[in-house]
Amino acid sequence: MKCPYCAHDQDKVVDSRPTDEGTAVRRRRECLSCGSRFTTYEKIESYPLIVIKRHGEREPFDLDKIIMGMTKACEKRTISAATIDRAAKEIENTIRNSLKREVSSDEVGELVMEQLKMIDQVAYVRFASVYREFKDVESFLAELQTLLGKTDHGVDAFESSDEISSQSQMEENDDTE
């Protein structure tokens, strides 16, 4: 390894340890010529992943895009950056383990939604509303109902406000009689 300070190509490894959850090795090296210390990282070379967008364009997989999207969905929530990073890495690992060289943006979006659903339901709904491009309140409510299901009383979790207010008025009228 060439020394970044004097360009001498002889060094010795002073310390070596795994990093990035075992996917890389961090090595501290000392130049045998000038005595300076520097750090290097070794990683397994991986094949490039290509994401096929909805309109057919192809672009390289970008983990930072997933992290930014998840961070936006988790904004003003109590989710740590480390949790988002772990979830994004899990998504990348799932895609790489599938051994596909190309993956659709729809598949990536579904994986993001799965992770967000486990992390925070509000973040999940925020992401889903943008990703699934909800056009109206009904489609938004349908997604919420899918997420939450029915209440214990057999009533839809999201009744319309008109139904709730008319039900309340009927109960008040019963009390006054």
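In the hairpin of β2 and β3, 5 residues lie between the strands, and Gly35 there has a positive phi near 80°. This is a predicted model, where local features need pLDDT of at least 70 and side-chain atom pairs pLDDT 80 or more, while totals for chains, interfaces and linings use all residues. Residues are numbered from 1 along each chain as its sequence is written, and side-chain values use heavy atoms, with hydrogens and water left out.

Strands (E, at least two residues) and helices (H or I, at least four) are DSSP runs, numbered from the N terminus. Strands pair if DSSP finds at least two bridges between them. β2, residues 24-31, and β3, residues 37-43, pair antiparallel over 7 bridges. Within that pairing, Arg26 stands opposite Tyr41 of β3, and Ala24 has Lys43 of β3 as its bridge partner.

The open sheet has 3 strands in the order β1-β2-β3, with antiparallel pairing. β1 (11-19) and β3 are the edge strands, each pairing on one side only.

Now the helices. α1, residues 63-73, packs against α2, residues 81-97, at about 135°, and the axes are 9 Å apart. Axes are lines fitted to C-alpha atoms, for helices over the stretch in contact, with angles from 0 to 180 degrees between N-to-C directions. Which residues of α1 meet α2? They are Leu63, Ile66, Ile67, Met70 and Thr71, and on the α2 side Ile84, Asp85, Ala87, Ala88, Lys89, Ile91 and Glu92; contact means heavy atoms within 4.5 Å.
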